[in-house]
Amino acid sequence: MKKSLYLAFALVLLFATAAQGAFAQATWKPVKPITIIVPWGAGGSTDQVTRVAAAELETALGQKIVIVNQPGASGSVGTKSVLDAKRDGYTWSAGAAADLATYKVQGMLDTDIRKDWEIFLSVANVMVVSVNAETPYKTFSDLLAAFKAKPGKITVATAGQSSAGHIGIELIRKYTGIDYKHVTYDGGNPAVIACVSGETEVTTQLAVEEADMIRAKRIRPLAVLSDKPLNLQGFGEIPPITNWIKDFKTGPNYFGIFIPKGVPQEVIDTVSKAWKDVIFNSAKLKEYALSRGAVFDPSYGQDAQDRAFSYYQPVAWLYYEAGKAKISPDTVGIPKP
Amino acid sequence: MFEGLNMFGTAILSFLNFKILFNAVWATELGIIIGMLPGLTATMGVALLTTLTFKMQANDAILILICMYIGAIYGGSRSAILLNIPGTPANAATTLDGYPLALQGKAGKAIGIATTGSFLGSLIGMFAMLIFTPLIGSIALKFQSYEFVWFSIFGIIICGNLTAPKDPLKGWISGFIGLFVSMIGMEGIHAYTRFSFGSTELAGGISLIPAMVGTFGFAEIISVMRYQKFDVVKAKIDRVIPKPSEVFKYWKTIIRSGIIGTLIGAIPGVGEDIAAWVSYDFAKRGAKPADREMFGKGSIEGLMASETGNNACVPGAIIPVLTLAIPGSAPAAVLLGAMLIHGIRPGPLIMVEFPSFIYETVAMVLIATVMMFILGLTMVKPLVKILQVPRQKLMPIVFTLCVIGSFAIQSRLFDVRVMVVFGILGFILREMEYPMAPLVLGIILGDILDKNLRRALILSNGSLTPFFTRPISLILFSLTMLIVLSRAKWIKTIIASIRKKNA
Amino acid sequence: MTDNKMNKADFYTSIVLITLSIGIIVISLRMPSMVSKNESMWSNPGVVPIFIGFALLMLSGSMFVRAIMHGVLRPSDNQHTEGPASDITPISDTQKKLPVPMKRMLITTAICIGYAFLLGTLWFPLVTFLFVFVFISVFEFDSAKKVLQQWKTFLWAAVIGIGTSAAVTIVFQYLFLVNLP
């Protein structure tokens with residue numbers, strides 16, 4: 001009798017812990033539409049990839065996801081309004097992880113990617129150095145020679161301060177000591193168009209943004225800023241920059257969806273699970289990445305933080321060394337590489 | 001060419017089924033409604049539907065987006081005519097003649113003319129798309145930083161000149177105040193915060209939509225509520241569908257506005273708003289002296305010109321999307337994004353990769369245009385009844401819509417406050433006969449001017465020569481100077497009075 | 001407005017605008033240079049505002065000159081001292097205090113501002129209902145009649161208020177997926 005009582009007790013306890021475990025893993029059922037604030041313009045590369053990912057998540061979460069574009073000041077305006085929103089799990093952000101990590105270093109926004117954000121990464125983008133098809137530069141070494149012959153004269157189109165393209169050309173400057181004329185545009189696509197129309201000679205934007213014009217032979221890709229060549233569907237192989245600059249180091253620039261910390265734990269758990277189940281196997285995202293010259297490489301949690309770190313660490317120090325940062329990355333927990 | 005027409009025909013036939021037509025009907029009607037509501041713009045409508053149509057087949061989704069785009073640009077004319085509040089920035093020029101017509105009891109006719117104008121404008125744009133897509137596409141690349149600088153100044157001058165016919169100086173001042181307003185907040189190159197005086201809200205900038213909804217919407221509410229008895233317009237609806245002879249009388253204006261609208265649409269960055277102003281200006285210049293008097297007082301020709309111009313802009317803006325993957329206007333930018341999401345890659349390779357898609361898009365434009373025409377001419381009678389609702393009952397509802405319209409796009413309460421402040425400021429300025437349209441246009445063009453002027457100076461190392469030596473720049477500069485000098489009565493008066501003193 | 005009055009108004013606004021443009025130019029000149037960050041001096045944030053400031057200065061300056069030419073400074077021979085709003089009063093009343101249109105204008109502005117500032121503190125449909133109800137009631141209230149006799153007016157105002165607030169909330173929140181304040 002006593003034994004069976006103990007047994008019953010133990011069983012209850014077991015159930016209770018199991019139930020508790022289940023409770024901790026409780027799925028979050030959003031009761032109203034979720035808002036993702038894309039801190040860049042509608043139709044741009046961040047906007048596109050976010051809309052694809054959001055539509056995939058809608059099915060998994062069983063709720064509508066509304067995309068609000070709130071561009072301004074390299075994405076810091078929109079990101080700030082996500083931070084200011086109620087932490088109920090219904091307001092998310094999206095964009096490049098590196099931006100989120102360097103706002104503080106640049107003095108644009110007081111936020112820390114590791115302390116303030118849960119990040120969910122979907123695709124990675126690489127920069128490609130391309131020149132207008134009419135220019136005489138056939139290889140990357142031609143271009144380097146021209147940069148050295150005419151310091152500060154050759155025009156480079158980027159999407160603006162701290163954009164991927166700007167980081168690209170600044171990295172090249174750091175390794176080679178060249179000087180260039182920086183011309184900024186409203187986004188990656190306008191920068192590429194400027195290179196197509198001949199307003200500038202060079203662009204160093206993302207492969208995603210250059211892909212179509214490369215395929216149409218309006219711009220000529222000279223090198224991809226990576227240690228591996230890039231295979232672009234419908235074009236062929238673009239050689240890596242390490243063919244010319246041996247010690248060139250950069251990681252892939254990851255894009256994804258960000259949820260501010262402080263939201264209920266079940267939100268994070270549910271989105272993590274959805275990310276693993278749906279995004280990891282998303283045919284739509286895979287297809288999108290392949291056709292746009294991006295790399296489909298999803299991750300979340302600590303893994304995502306580590307991947308993002310490998311890219312933004314050198315970038316933060318690049319800003320600092322180029323005199324474009326307000327504070328040392330050391331002080332915000334980004335040690336010198 | 002012949003092959004193209006064949007593909008176009010096939011595309012139209014393939015769209016004639018119940019499901020697709022049903023989609024076209026609801027998307028166009030939703031577009032008209034979004035366009036009518038002040039603050040909800042075509043850009044927002046297209047972005048909203050991009051998300052909602054994500055799961056659909058690419059062709060269905062793009063058709064819905066094009067219907068929304070065309071519907072919204074047209075729908076804005078209704079609130080412009082009935083309430084003197086343009087539904088989208090594209091319809092600001094429509095208020096000039098549309099509202100006076102409504103006050104004369106001809107609201108039904110005005111809506112009929114606006115609908116016909118929009119319909120014909122879209123058709124002209126569509127034909128241009130069909131025939132000239134490769135040609136017009138490459139014009140877009142000719143417009144570089146120097147040209148955009150002139151374009152933004154030209155826009156302000158032309159709009160100021162038109163909206164303040166008595167005293168263009170005030171129109172231009174209003175335009176430059178608009179340009180200044182757009183300077184407030186974080187600028188787009190170095191993220192330096194200008195004119196915010198330490199306010200984090202101002203650092204985010206003054207957005208266009210709240211400012212527009214305030215200066216047109218709230219200011220209008222104050223000015224309407226001022227008088228105890230508002231003359232209820234005896235809108236005996238004569239006839240909505242205009243007589244063919246009434247329309248064909250203006251064939252020159254229609255074709256001219258259609259071509260201007262299409263061309264301006266094809267230029268990246270400048271959209272429907274400028275298209276409406278420029279075609280209105282050309283219509284006024286081209287009109288017979290007797291007709292010219294009527295502009296601004298309820299001219300059918302003026303109304304026709306602005307509505308034809310802004311709707312012709314829509315297919316025009318899609319042309320560079322297809323051939324160069326450069327959007328010609330803000331809604332077209334979202335449309336481009338949607339195409340990319342659906343796996344269609346517009347751009348220079350489209351003729352090779354998806355040749356039939358160009359013709360399918362043209363067919364979609366045609367379906368959307370026809371839908372807009374049919375829906376535009378139905379349900380007009382109940383709509384015109386709005387004019388008979390007592391103002392004290394209607395205005396609080398309009399104000400509620402103004403508030404949501406300002407809030408909707410960025411979800412910032414600050415925007416609602418901006419709307420209120422601009423409403424009061426706008427009201428005071430209007431009392432002193434400063435037109436508000438150049439101010440709104442200035443806010444649109446300020447960003448273009450800011451980035452392009454600096455970019456042009458970087459490229460030229462500070463030299464001003466390219467602004468005057470490049471062919472398109474020279475044309476735009478000459479046009480601008482022509483307008484200023486032809487209207488500079490104040491110069492004449494000054495000279496005359498100096499002479500008088502000396503004599 | 002009469003031409004004379006408009007000229008006077010132009011004179012004062014031109015002074016305000018000249019001050020504004022000088023302010024714009026001064027603040028813009030003080031904006032930092034980006035040359036130290038390895039960027040062209042032409043990309044400095046102040047470049048375009050200086051241009052706009054100068055253009056505005058020229059335009060308002062010529063308005064200033066024009067106003068003087070039209071005789072603002074000349075002592076006016078017809079010395080009528082009208083209230084600032086009387087010229088916009090086609091249906092002017094005999095009331096001595098505040099002209100009716102001015103009063104109605106101020107009431108409209110006050111109610112609307114009240115609504116705009118209450119948003120975000122209270123539940124949206126409630127504020128909207130209150131706003132529409134108050135707006136209609138205030139403007140349809142007839143001070144000649146007793147309050148209780150006008151119950152129909154208030155009822156209608158309430159019905160329209162509820163209708164607007166419900167329709168707007170449903171349409172925008174669920175159909176257009178717009179966040180409401």
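Between chain A and chain C, twelve residues of chain A are in contact with five residues of chain C, contact being heavy atoms within 4.5 Å. Please bear in mind that this is a predicted model, in which local features need pLDDT of at least 70 and side-chain atom pairs count only at pLDDT 80 or more, while totals for chains, interfaces and linings use all residues; side-chain values use heavy atoms, with hydrogens and water left out. Residues are numbered from 1 along each chain as its sequence is written, and chains are lettered from A and ligands numbered from 1 in the order in which they are written.

The area buried between chain A and chain C is about 710 Å², with 44% of it on carbon and sulfur atoms; buried area is the accessible area (1.4 Å probe) that two parts lose on being put together, summed over both. On the chain A side, the largest share comes from helix H7 (residues 164-176), with three residues; helices here are DSSP runs of H or I with at least four residues, strands are runs of E with at least two, and both are numbered from the N terminus. That side of chain A divides into two nonpolar, five polar and five charged residues. In this scheme Ala, Val, Leu, Ile, Met, Phe, Trp, Tyr, Cys and Pro count as nonpolar, Asp, Glu, Lys and Arg as charged, and the others, Gly among them, as polar.

How many salt bridges are there between chain A and chain C? The count is zero, where a salt bridge is a side-chain nitrogen of Lys or Arg within 4 Å of a carboxyl oxygen of Asp or Glu.

I turn to chain C and chain B. Here 67 residues of chain C are in contact with 67 residues of chain B, and about 6,100 Å² is buried, carbon and sulfur atoms giving 81%. Three salt bridges are found across this interface. One of them joins the side chains of B:Asp167 and C:Arg66, at 2.8 Å from N to O. Eight residue pairs, both members at pLDDT 80 or more, are in polar contact between these chains. Which elements of chain C give two or more residues to this side? They are helices H1 (3-29), H2 (47-69), H3 (100-118), H4 (124-140) and H5 (151-175). H2(C) gives the most, 14 residues. The residues on this side of chain C comprise 49 nonpolar, 13 polar and five charged.

Now the chains themselves. Chain B has 25 helices and two strands, and 68% of its 503 residues count as buried.

Finally, one residue of chain B. B:Val370 lies in helix H18 (residues 355-377) and counts as partly exposed because its relative accessibility is 33%. Its C-alpha atom is 10.0 Å from that of B:Thr28, a residue 342 positions away along the chain.

Definitions and conventions. Polar contact = N/O pair within 3.5 Å; in protein donor to acceptor, adjacent residues only side chain to side chain. Buried < 20%, exposed > 50% of the residue type's maximum accessible area, 1.4 Å probe, protein only.
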